[in-house]
Each structure stands twice: as structure tokens, then as C-alpha cells.
Amino acid sequence: MTGNVRPDTMGRITTPELAEAFIEEQIKELRAQIGDKKVLLALSGGVDSSVVAALLIKAVGKQLVCVHVNHGLLRKGEPEQVVQVFRDEMDANLIYVDAVDRFLDKLAGVSEPEQKRKIIGAEFIRVFEEEARKLEGIDFLAQGTIYPDILESGPVKAHHNVGGLPEDLQFELVEPVKLLFKDEVRVIGKALGLPDGMVYRQPFPGPGLGVRCLGAITRDRLEALRESDAILREEFAKNGLEGKVWQYFTVVPDFKTTGVKNDVRAYEWPCIIRAVNTVDAMTATVENVPFELLQHITERITHEVPGINRVLYDMTPKPTGTIEWE
């Protein structure tokens with residue numbers, strides 16, 4: 001499969017058998033393209049980059065160098081999962097970069113949403129570039145480009161930021177899933193043996209929790225956001241909503257409300273729950289979460305997460321609200 005136009009003859013990959021055939025074909029094509037050279041991949045832990053990593057590990061093994069940048073804006077347990085799955089279970093050549101302080105220091109005091117996005121994107125490029133320059137003999141750059149990215153953004157997956165690398169890093173692109181839709185990538189991921197938590201991971205914005213920790217990001221509020229989000233995801237999974245609701249998350253704004261904890265006044269943050277369903281992300285409806293479950297989640301968050309004393313449920317469809325708050 002070559003070019004950026006999906007062939008009319010290419011059927012949908014919907015079964016394990018079709019996935020296996022695709023994997024076999026891609027392994028041959030990857031080996032032919034890469035030969036005995038090395039290939040670099042920014043591994044976020046999302047389904048697209050994870051499937052590309054698993055494909056390349058099967059095709060060229062240690063010739064693949066994965067770089068996982070932990071910028072401190074990932075969900076609870078995600079960096080650890082990337083290391084466990086790829087380094088420990090798949091024996092991948094994985095470089096883990098702890099850049100938490102670097103990113104959060106750059107973001108300190110910045111409240112404007114677009115400026116936060118630019119800082120996160122630019123810093124990611126710088127960190128990835130620094131790691132790339134430490135390596136020798138890299139001829140190829142792998143990207144988790146999928147077909148909708150080509151339709152929307154052109155041949156370079158700019159919103160993953162790798163497209164902003166300096167021109168002197170003359171890498172040839174490797175994009176093995178660029179003709180697939182997201183649901184097909186998930187079928188491939190299952191066939192490759194990736195864990196369900198990675199294969200069926202919800203859409204996650206490039207700036208991560210940076211656009212859900214509203215206003216200027218502080219470390220304590222970011223941690224409250226991460227913990228409340230983990231409780232929400234745990235409870236949705238327990239109550240059969242994990243595969244039913246398209247996207248759900250918490251938001252913690254940069255203001256405080258008066259509450260009472262342990263019989264004393266508590267001046268702490270509110271936490272907002274967002275749960276929506278959509279087909280194309282252009283419009284979205286709000287999930288009708290059972291009131292009893294919302295009460296239970298509220299009790300857990302307000303009692304288990306330091307700094308939060310109030311929980312709200314966002315009832316706004318798209319339009320008028322966007323899916324994300326920033």
C-alpha cells in the first residue's frame with residue numbers, strides 16, 4: 001500500500017483474520033523499507049503509536065528506538081504502562097524521558113489555553129530532538145499517522161508535534177497505519193497482543209491533562225485532577241460504562257469554593273465531570289449517567305482526593321459547548 005489515497009479495493013479490517021493478513025503484509029513492507037537501518041518513534045502510549053511500535057518490533061526488533069516522553073500531563077498509570085508493556089513484556093529498545101519538571105516549570109503562571117498548547121507542543125519537539133541527536137545511525141522516523149490525519153492535516157501528523165523537527169534531521173518517514181481508520185487500528189492492536197487498556201484507550205488531547213487543569217497549571221491541582229480522573233475511569237469501568245461512553249474525564253478549574261470537611265470550613269477546588277457520546281466529534285450528546293452512580297463518584301472524589309470539596313456534572317452538548325473545556 002503506497003501513497004496517501006486509500007485504494008478503492010482496500011476492504012475494511014474488521015476481523016482477526018484480516019488483521020493478521022495486514023500485519024504479515026506490513027512486516028514485509030517494513031523490512032523492505034528499513035533494511036538494516038534504525039528507526040525512531042515517539043511512543044506516547046496512545047493506540048496509534050503503540051500499534052506502530054508493536055508492528056515495528058515484530059518487523060525489525062531492536063532496530064526500533066522508542067522514545068517515551070513523560071511531560072507530567074498524562075493520566076494516572078500511563079507512563080508506567082508504556083514501560084511495562086514495551087520494555088518489560090515486548091523487550092523493546094525504549095528510552096524513557098522524565099521531563100515532568102521541565103514542562104511544568106515552562107507552564108508555570110501561563111493561563112491562556114492556546115499559549116499552554118504552544119508551550120507543550122514546542123517543548124515536546126525540543127525534548128524529542130535532543131534525544132534524537134544523542135542517537136547515531138537513525139535513518140527513519142516512524143509516526144502513528146492514520147487516514148483521518150491525512151485527510152485533515154496532510155502527510156505529516158503535525159498535531160503529534162514530530163512534524164516540527166529541524167530540517168537537518170533528514171529522516172525518511174515510516175507510517176505503516178496511515179491508510180487505516182481508528183477502529184481498524186484497534187483491531188490490529190488486538191491482533192498484536194496489546195492490552196485492552198491501551199487498544200481501547202479514549203481519545204486524549206495532545207496537551208493531555210494540560211487542557212483539563214484549567215487556567216495556570218499548579219502541581220497540586222494537576223495531581224487532584226489526575227486522581228479524580230482515575231476514580232471516574234475506575235467507576236465507569238465497574239459499572240459497565242467503559243465501552244458505552246465515547247469519552248469521559250474530569251476537569252479542575254482554577255478557582256475555589258467554600259465547603260465543609262471534618263466540621264471545619266474548607267476552601268477547595270470544584271471538580272467537573274464530563275461524559276459525552278459522538279460519532280465524528282463535530283457534535284456530541286451528554287451521557288445520562290445514573291444519579292446513584294454520580295452520587296457514589298462524588299463521595300469518592302470529595303473524600304479521597306485532597307483539595308476537592310465539590311463535584312459538578314457538565315450537562316452541555318456540543319454545540320454549544322466543545323468536548324474539551326480548553
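## Nonpolar cores

The largest nonpolar core has 51 residues, and those with the most contacts inside it are L40, V69, F128, F171, L222, F236 and I301; a nonpolar core here is a set of buried Ala, Val, Leu, Ile, Met, Phe, Trp, Tyr and Cys residues joined through side-chain atoms within 4.5 Å. Helix 5 (residues 113-134) gives this core its largest share, 7 residues, while a second, separate core of 44 residues includes M10, L30, V85 and V177. In soluble globular proteins, nonpolar side chains tend to be buried together.

This is a predicted model, in which local features need pLDDT of at least 70 and side-chain atom pairs count only at pLDDT 80 or more, whereas totals for chains, interfaces and linings use all residues. Residues are numbered from 1 along each chain as its sequence is written, and side-chain values use heavy atoms, with hydrogens and water left out.

## Helix 3

Helices (H or I, at least four residues) and strands (E, at least two) are DSSP runs, numbered from the N terminus. Helix 3 (residues 78-89) has 12 residues and reaches 15 Å from its first C-alpha to its last, close to the 16 Å expected, where the expected span is 1.5 Å times one less than the number of residues. The helix is followed by D91, whose phi is positive, near 55°.

The buried residues of helix 3 are E78, P79, Q81, V82, V83, V85 and F86; buried means under 20% relative accessible area, exposed over 50%, and partly exposed in between (1.4 Å probe, protein chains only). Their cover includes helix 2 (47-60), strand 2 (64-70), strand 3 (93-98) and helix 8 (196-199), with contact meaning heavy atoms within 4.5 Å.

## Salt bridges

The structure holds 29 salt bridges, each being a side-chain nitrogen of Lys or Arg within 4 Å of a carboxyl oxygen of Asp or Glu. One of them joins K106 and E123 (4.0 Å, N to O), and this pair links distant parts of the chain, with K106 in helix 4 (residues 100-107) and E123 in helix 5, 17 residues apart. K106 is partly exposed at 44% relative accessibility, whereas E123 is buried at 2%.

Within helix 9 (residues 219-238), E223 and R226 lie 3 residues apart, about one turn of the helix, and form a salt bridge whose closest N and O atoms are 3.4 Å apart. Another salt bridge pairs E287 with K244 at 3.2 Å between the closest N and O atoms; E287 is buried, at 7% relative accessibility, while K244 is exposed, at 52%. Salt bridges that share partners also join R102, K106, E123, R126 and E130 into one network.
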